[in-house]
Amino acid sequence: MSGPPHETGDGTGSAGATGATGTAGEQVGTIGRKAGRGLRWSLLGNLGTKATTFVMGLVLARLLVPEDFGLYAIALAATTFVMHVNDVGIIAATVQWRGRVEDMAPTATVMAVAFSTGMYGIFWVVAPYFAELAGSAEATPVVRLLTAVILIDGVTAVRAGSLMRGFGHDRLTKANIAGSLVNAGVAVTLAANGAGAYSFAVGQVAANTVTGALVFAWAGLPFRLGFDREVAVRLLRFGAPLALGLGIEAVLMNADYVIVGAVLGPVALGFYLLAFNVSSWVPSVIGTALRYVTVPSFSRLAEQRPQALSLGVQRSVPLLVAFVLPVAVVTATLAPAIVAFLYGEKWAPAAGVLALLAVLMVVRMLTSLAFDILTSAGATRATVWMNLGWAVALVPALWAGTHWYGIRGAAIGHALAGVLVALPVAVLVLSRAGVRLAPVLPALVRPLLGAAVATVVTVTLAGLTSGLTGGAIVGGAPGGVTAGSALVQLCVAGGGGLLAYLLIAVPAARLRQLGARVVPARAR
């Protein structure tokens with residue numbers, strides 16, 4: 001825990017802000033309404049930024065070659081790691097802080113800036129060794145450039161945390177969208193002029209600069225520097241284990257880039273990166289939006305009583321599972337069509353990887369939620385053990401899989417480690433933290449049954465449309481899939497599978513309610 005709860009009059013951080021009285025259900029409802037508004041803004045922002053990134057990716061895939069993507073993947077792996085650990089958990093500590101943010105902000109700002117600067121200096125020195133380890137020494141300058149974004153993050157960490165704490169997601173959304181537009185404009189312009197992998201890096205640094213400036217201006221938190229030893233101890237007690245857990249999480253999500261690049265080279269890594277990016281759309285859009293609101297929401301519930309936190313979790317998990325399963329089914333069964341339609345035939349080897357990484361998509365969503373719940377409860381040490389257990393299983397699985405079966409083998413290793421190790425460990429640490437998960441099980445029956453039926457329907461319709469259009473689609477064999485045939489298969493097979501899932505996973509009464517909203521009474 002970061003320290004004992006404190007009363008405060010700022011309306012954002014104390015037990016009194018949400019009301020220490022009332023039932024657990026009432027507390028969940030009150031905070032849930034705030035979280036709902038924040039989630040709507042977060043989803044809007046993520047959809048906007050990811051749509052911009054998606055379009056940018058389509059353009060860059062035609063302007064650049066797979067090797068450029070491979071070099072960027074190496075730099076991205078380094079940047080993701082340092083972004084997770086550079087502020088020593090200051091953003092989350094600001095959100096979870098029991099007391100007035102104004103009291104901890106000066107010390108927290110000094111700590112975030114100091115650690116970010118130190119981390120960047122370390123990675124500037126080790127960049128050549130990291131790039132060589134990943135199989136491409138020429139990635140060194142790209143690594144050094146892209147990791148500079150952590151300097152911006154250090155300056156804005158407390159302000160970003162303050163906005164999330166107060167559910168100021170509208171301002172965060174506008175800042176992120178502005179940054180994504182800058183990223184797209186800079187990256188595409190540079191790529192068109194032959195900048196190669198630098199297109200990604202310069203665009204991202206420009207985007208973070210714009211977003212950081214807006215967050216700093218809109219947070220409404222006075223900029224003061226200072227150092228209070230007691231505050232620093234509380235921040236480190238909470239943030240150090242969290243930073244370690246996030247660092248391990250970064251290893252989990254980027255170890256495959258390093259291993260695939262070292263074993264197979266930058267071209268194969270470029271194919272793998274594209275597949276991994278597609279499989280990350282849902283975790284990036286929905287998962288990131290959820291993280292913006294789950295940590296402040298669960299933190300406020302954890303301040304009240306244990307049953308309030310458990311009830312909030314029990315309501316959240318089935319909704320998350322019900323949403324992500326149909327997306328995973330369509331991605332796994334129609335991966336060749338997705339790749340062919342979006343990126344063209346030269347990226348066909350990525351399709352088999354994407355089908356396997358659909359499993360990882362589900363695992364990432366659930367383990368990220370577990371991480372946020374533990375963070376909100378102050379159980380940051382448990383996040384270390386959860387991710388460490390996963391990492392111990394994942395790294396050898398990736399190494400063996402890549403040597404055994406290339407980029408598909410890496411995806412198989414990722415999926416197996418996630419299902420067999422990550423999910424069971426997440427359930428274990430949540431239970432030990434006092435979160436009751438047994439009531440969740442009955443609510444998962446319909447989504448799981450719907451996913452099974454949707455898989456059968458999608459594969460069947462994919463086979464039928466494949467025969468009609470003359471393009472292979474099932475089993476990860478993308479040969480013969482043109483953009484036109486892929487579109488037909490996505491619409492027919494994907495639409496049929498999603499409809500089958502909807503009919504089974506959603507109760508009939510809920511479907512009638514949705515129908516009543518879509519078709520007004522006057523029109524019926």
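In which kind of crossing, left-handed or right-handed, does H15 pass H16? In this predicted model, the crossing of H15 with H16 is left-handed. Helix H15 covers residues 350–376 and helix H16 covers residues 380–432. Their axes come within 10 Å, and the angle at which they cross is roughly 165°. Angles over 145 degrees count as roughly antiparallel, and H15 and H16 are therefore roughly antiparallel to each other. As for the residues that form the contact of H15 with H16, 24 are nonpolar, 8 are polar and 1 is charged.

The protein as a whole gives the setting for this pair. It holds 19 helices and 0 strands. Of its 524 residues, 55% are buried. When contacts between residues at least 6 apart in sequence are taken, 83% of them join residues at least 24 apart.

Gln314 lies in helix H13, which spans residues 306–333. Is Gln314 buried or exposed? The relative accessible area of Gln314 is 16%. Buried means under 20%, so Gln314 counts as buried. Leaving aside residues up to four places away in sequence, Gln314 touches Arg436, Pro439 and Val440. With one of these residues, Arg436, there is also a polar contact: the side chain of Gln314 reaches the backbone oxygen of Arg436 at 2.9 Å.

How values were computed
Residues are numbered from 1 along each chain as its sequence is written. This is a predicted model: local features need pLDDT of at least 70, side-chain atom pairs count only at pLDDT 80 or more; totals for chains, interfaces and linings use all residues. Side-chain values use heavy atoms; hydrogens and water are left out. Axes are lines fitted to C-alpha atoms, for helices over the stretch in contact, and angles run from 0 to 180 degrees between N-to-C directions. Helices (H or I, at least four residues) and strands (E, at least two) are DSSP runs, numbered from the N terminus. Angles under 35 degrees count as roughly parallel, over 145 as roughly antiparallel, 65 to 115 as roughly perpendicular and the rest as oblique. A crossing is left-handed if the near helix is turned anticlockwise from the far one by less than a right angle, and right-handed if clockwise. Ala, Val, Leu, Ile, Met, Phe, Trp, Tyr, Cys and Pro count as nonpolar, Asp, Glu, Lys and Arg as charged, and the others, Gly among them, as polar. Buried means under 20% relative accessible area, exposed over 50%, partly exposed in between (1.4 Å probe, protein chains only). A polar contact is a pair of N or O atoms within 3.5 Å; within protein, one must be able to donate a hydrogen and the other to accept it, and residues adjacent in sequence count only if both atoms are side-chain atoms. Contact means heavy atoms within 4.5 Å.
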